Amino acid sequence: MKEYTDLALDIARGAGASFADMRIVDERQNRVYVQRRSLKLIDETESFGYCVRVLLNGAWGFASNTKLTKEEVAKTAQLAVATAKASAGVPKDEPARMAPEDAYIDTCVGPCEEDPFAVPNSEKAELMLTACDTMLNVPNIVMSWGFLQFIRMHRIIANSDGSYLDLTNYFANPMLQAIAVVGNESQDRSYQGGAKQAGYEFIREVDLVGNARKWAEEAVIKCKAEDCPVGTMDLVLDPMHLSLTMHESVGHPTELDRILGWEANMAGRSFIKPEMVGELQYGSEIVNFTANNVLEGGLGSWFYDDDGVRMFSFPMVKNGKLVNLGCTRETAPVIGWEKSTACCRSDGFEHFPINRIPNLYMEPGEDDSVTPDDLIAGVDKGIYIEGMGSFSIDQMRNNFQFGGDMFWMIEGGKKTKPLKKVTYQAQTTQFWNSCDGIAGRPYWQTHGVMNCGKGEPMQVMRMTHGASFTRFRNISVGGAKL
Amino acid sequence: MRTKEEIKTLLDSILSKVSAPEATVSFNYGSSLATRFGENAITQNMSGEEESIRLEVAYGTKHGSSITNKLDEESISKLIAHAEDIAQNSPEDPEYMPPLPPQEYPDIPQRFYEDVVALTPEDIAEQIRKVVDAARTGNFKASGLFEASYGINALANSEGLFAFDKFSGLDYSTTIHGPKGSGFASENGESVAQVDVDRMIRKAMTTATAAQNPKDIEPGDYTVIFEPQATLDILEFFAWNMSARDADEGTTVFAGKVGEKLYHDKVTITTEIDDPELPAPPFGEDGLPVRRTVWAKDGVIERLRHNRFWAKQKNTEPDPLLYPIFMSGEDKSIDDLIAGCEKGLLVKRLWYIRYVDRKELLLTGMTRDGFFLIENGKIVTPVKNLRFNESPIVFLKNVVAMSRPERVGGWAKVPAIMSENFTFSSKTESV
């Protein structure tokens, strides 16, 4: 491939580019999708393409193609140069520049013990049909659905710094949901473990068939449960639930491109200003968030980001204080930083890489002996929430409202009865500052998100979050009109 | 870009190499120029094109598919082998539907224009320059996406069906913001003549200027006027719940409601196929020809969407597509609605709408990019954004008045709607 990347980079350099790269993406995907007792989709996809990105006179050009010949590569590089020249017609106040970075020559392959593409499709279909059938055999379950998705992503990134990276990652993404109807009520309950950078071994680990009946029964329990109470009360949230809360209220607001206003038209901006780094008390002193794009099995652990920056781990919030941001080689220098935090990724060869949420997790509590039950025992009146449900946050990432997948009333320090249709509403920093208890490391779990939408045209990105069970005080619950 | 004849030859050639008794092959081609801008400068400028082939084959009710964007002979042979191997080893699918016989397709208004193909990155940058210059006059910042695209969808099957659609599109949008408020506008169309960048600039600038320094407002139940963009934002969720099968199984708000009056008399919702301002593609699911469909008439739910399998079970015709979706209106302007509102809130755009209760279609979301208090028929002040918790069913039931429908985005033509007792539940400092 190097003859092609050299050709593209030579054309960009010849045109006067201060930076250029060529990214070749070869992706294989396998999907099995079942609804009820019907195999709706079983397929394999092969996708190949490449893009050339050119920074010329402080303005960007980008072109992509699927045909790999010297003639087509040259045409694509020339088109990238032409679009950069067009971009210069509406220039930035300060020409874009890339934070300096070392050149790397590297080959990396991500974790995959059991090649998912070698597992017979019939086995995958049988697994999902059995799981859905198990759910449908529970009285009051009218619908079950689920899928398995496997991706092998192979990237070659060559850039004008001299880097040449050959990177392969595997992703395994299962899903299963039961929908129950009791009278006029309908509720659902889903697998909540998310995806992982792994092979088929992850599917065996999550045991969809073994858990299907329990999840289906809980969907029925939800139908018969009381509605969400209304008032100010405490919350104990499980790690799966918190993955979404932190994604929306910590991950997105700390993306520097949003902070700079570059996403204002669609995904929105952020309440954070660059000068708040090192100052803003994001959460209580026990709240620590780590960005870790070298997390084993993390969906964002891509070895190098699409800027060619070697990924690493860094604190985002330390003892409650905001101490860093997710940034790219382009966004970092805009606020005077000289080093990217390796958060630049694209979801395919046809898309320009943008500032994305890294693997981001909340550290467990300091005391490993603290259990989820200990947290619940400290609540006089509150709600324990498992899993992800409804989620919505304003475009500056302040006001949010979340639901969940399973809810239990806490009274007198004990879980007393199931609930349904629970929502809570808070402002971001108020919420994280109300955190007063975190269970220990033995209870820490991760959740891989495969569907983070951002950018225009929309890009769908992957990252992993993690947390232990956590308690929050005095949160507004039940604001939704039921 | 390949011609219709070349594509038919390609698809026929693939079908001729398939040994499975049944096969459907589709071809997709897309080309786009997409230029993003933020903080008054172009931030990304993208250009690209891609062709892909999807093949589904079946042996009895055992089926399997394969997709590739490599169209050389070797890759196509691999594609066929993959699909056949998957299908042969698949379990029987009790809901499998065989390929359709050849269909007659209706004449639809033109969906492809050469003037979109002819656009260059320089042409698009020039239009963006106009937006940025206007924003600068107000000391505002503009961001947005200007995208020009065109493509082809074609489908052929082992029964001899061949369907073809060639289309182009422009999707331009901008958000213009100042320190204490913002305005959004978009223009969409199939041809250059259909979009008016100056109109878009005027709209976004007017809103951004008026939106500065919003006042506090308490959440509660209000009369609202949703501009067409906000109507579209909430209609999207509504449309996702129109599956006849889901309703028949009791999992959606429309369970047992066909024939019942759920909305105000003024509400009629249809799929139209021959509006030159928003033409439908000629075919939908599996190559079914499109047809006009009435989903709700004078407030009564007339029909829900049946896919081919469920239509067969219910002995009815399948519904090829839902989009483009149209909602009736009245011969009024948005200004007329404002003039007729004693006290209410004008909503320009909604954001991050999600289910709170899927079965009841209770939604939550935020207002965004222009939110104003109306008193005695006049806009009196911008107000700070609020979170809503409300059902679009209730919103359409409580309709007071509507404007003339207008195209918003690529798939809907809807009016501004004034509706009573819309519930806002919490506030934010975000503007």
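A: What follows goes through a predicted model, topic by topic.

Q: What is the strand order in the six-stranded open sheet of chain A?
A: The order is β12-β11-β10-β15-β24-β23 in chain A, and the pairing within that open sheet is mixed.

Q: Which strands stand at the edges there?
A: In chain A the edge positions belong to β12 (321-322) and β23 (445-454), and because each has a single partner strand, one side of each has no neighbour in the sheet. Helix α6 (residues 239-251) of chain A packs on this sheet, where it touches β10, β15 (360-362), β23 and β24 (459-467) of chain A, and its direction makes about 120° with that of β24(A).

Q: How many bridges join β10 to β11 in chain A?
A: Four bridges join β10 (residues 289-292) to β11 (residues 313-318) of chain A, and the two strands run antiparallel. Within that pairing, A:T290 stands opposite A:P315 in β11(A).

Q: Switching to chain B, is strand β1 mostly covered or mostly open?
A: Strand β1 of chain B, residues 22-38, is mostly covered, with 13 of its 17 residues buried. β1(B) pairs in the antiparallel sense with β2 (residues 41-59) of chain B over 17 bridges, and 14 bridges, also in an antiparallel arrangement, join β1(B) to β4 (residues 141-157) of chain B.

Q: What are the bridge partners of B:T35?
A: In β2(B) the partner of B:T35 is B:N45, while in β4(B) the partner of B:T35 is B:F146.

Q: How many salt bridges and polar contacts cross it?
A: The rule finds ten salt bridges between chain A and chain B, and the count of residue pairs in polar contact, both at pLDDT 80 or more, is 49. Among the salt bridges is that of B:D246 with A:R36, whose closest N and O atoms are 3.7 Å apart.

Q: Is A:K92 buried or exposed?
A: A:K92 counts as buried because its relative accessible area is 16%, and the cut-off is under 20%. A:K92 sits in the loop between α2 (70-87) and β4 (105-109) of chain A.

Q: What does A:K92 touch?
A: Leaving out residues up to four places away in sequence, A:K92 touches A:W262, A:E330, B:A41, B:I42 and B:T43. The side chains of A:K92 and A:E330 are joined by a polar contact of 2.6 Å.

Q: Where are the cis peptide bonds you'd point out?
A: One joins A:E456 and A:P457, with omega about -15°, and A:P457 lies in the loop between β23 and β24 of chain A. Another joins B:Y323 and B:P324, with omega about 0°.

How values were computed: Residues numbered from 1 in each chain as written. Chains lettered and ligands numbered in written order. Predicted model: local features only at pLDDT ≥ 70, side-chain atom pairs only at ≥ 80, totals over all residues. Heavy atoms only, no water. Pairing = 2+ DSSP bridges. Contact = heavy atoms within 4.5 Å. Axes fitted to C-alpha atoms, helices over the stretch in contact; angles between N-to-C directions. Buried < 20%, exposed > 50% of the residue type's maximum accessible area, 1.4 Å probe, protein only. Salt bridge = Lys/Arg side-chain N within 4 Å of Asp/Glu carboxyl O. Polar contact = N/O pair within 3.5 Å; in protein donor to acceptor, adjacent residues only side chain to side chain.
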